[in-house]
Amino acid sequence: MTQPHMAYPMYAPYYRQQSASMFNDRFLKGLLIGAAAAYLLTNETVQRNAIKGTVKVWSLLQGGVEELKERFHDAEAEIRAEAGE
């Protein structure tokens, strides 16, 4: 497949500028993401806080599921009581 700037030479400067800009943006985003990942993976305080936060979220999720189960059983018992079982 031919490059757009090869088929249409008049657009060559625009295409080169656009691809160079895209490379720089992608490079900077990758650099920032990599730096953040390295910081998170090497900082013990951040790791400890992340684990604590995850445990809290998991506990809340489990509590919510248990509450839903209780409500379901209560509704089921009400239906049975109304049906005369």
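**A close look at the salt bridges**

Mentor: Happy to. Searching the whole structure turns up four salt bridges, a salt bridge being a side-chain nitrogen of Lys or Arg within 4 Å of a carboxyl oxygen of Asp or Glu. As a reminder of the background, side chains of opposite charge can pair when their charged atoms come close.

Please keep in mind that the model is predicted, so local features need pLDDT of at least 70 and side-chain atom pairs count only at pLDDT 80 or more, while totals for chains, interfaces and linings use all residues. Residues are numbered from 1 along each chain as its sequence is written, and side-chain values use heavy atoms, with hydrogens and water left out.

Now for the setting. The protein has three helices and zero strands, in the order α-α-α from the N terminus; helices (H or I, at least four residues) and strands (E, at least two) are DSSP runs, numbered from the N terminus. Of the 85 residues, 4% are buried, where buried means under 20% relative accessible area, exposed over 50%, and partly exposed in between (1.4 Å probe, protein chains only). The protein exposes about 8,000 Å², with carbon and sulfur atoms supplying 64% of that area; accessible areas come from the Shrake-Rupley method with a 1.4 Å probe, and for residues only the protein chains shown count as cover.

Let us start with Arg48 and Glu44, whose side chains meet in a salt bridge at 2.9 Å, N to O. Both residues lie in helix α3, which covers residues 44-83, and they sit four residues apart, about one turn of the helix. Arg48 is partly exposed at 41% relative accessible area, whereas Glu44 is exposed at 54%.

Further along helix α3, Lys69 and Glu66 are three residues apart, again about one turn. Their side chains form a salt bridge at 3.7 Å, N to O. Here Lys69 is partly exposed, with 44% relative accessibility, and Glu66 is partly exposed too, at 43%.

The next pair is Arg80 and Glu76, with a salt bridge of 3.7 Å, N to O, between their side chains. These residues are separated by about one helical turn because they are four residues apart in helix α3. Arg80 counts as partly exposed at 45% relative accessibility, and Glu76 also counts as partly exposed, at 29%.
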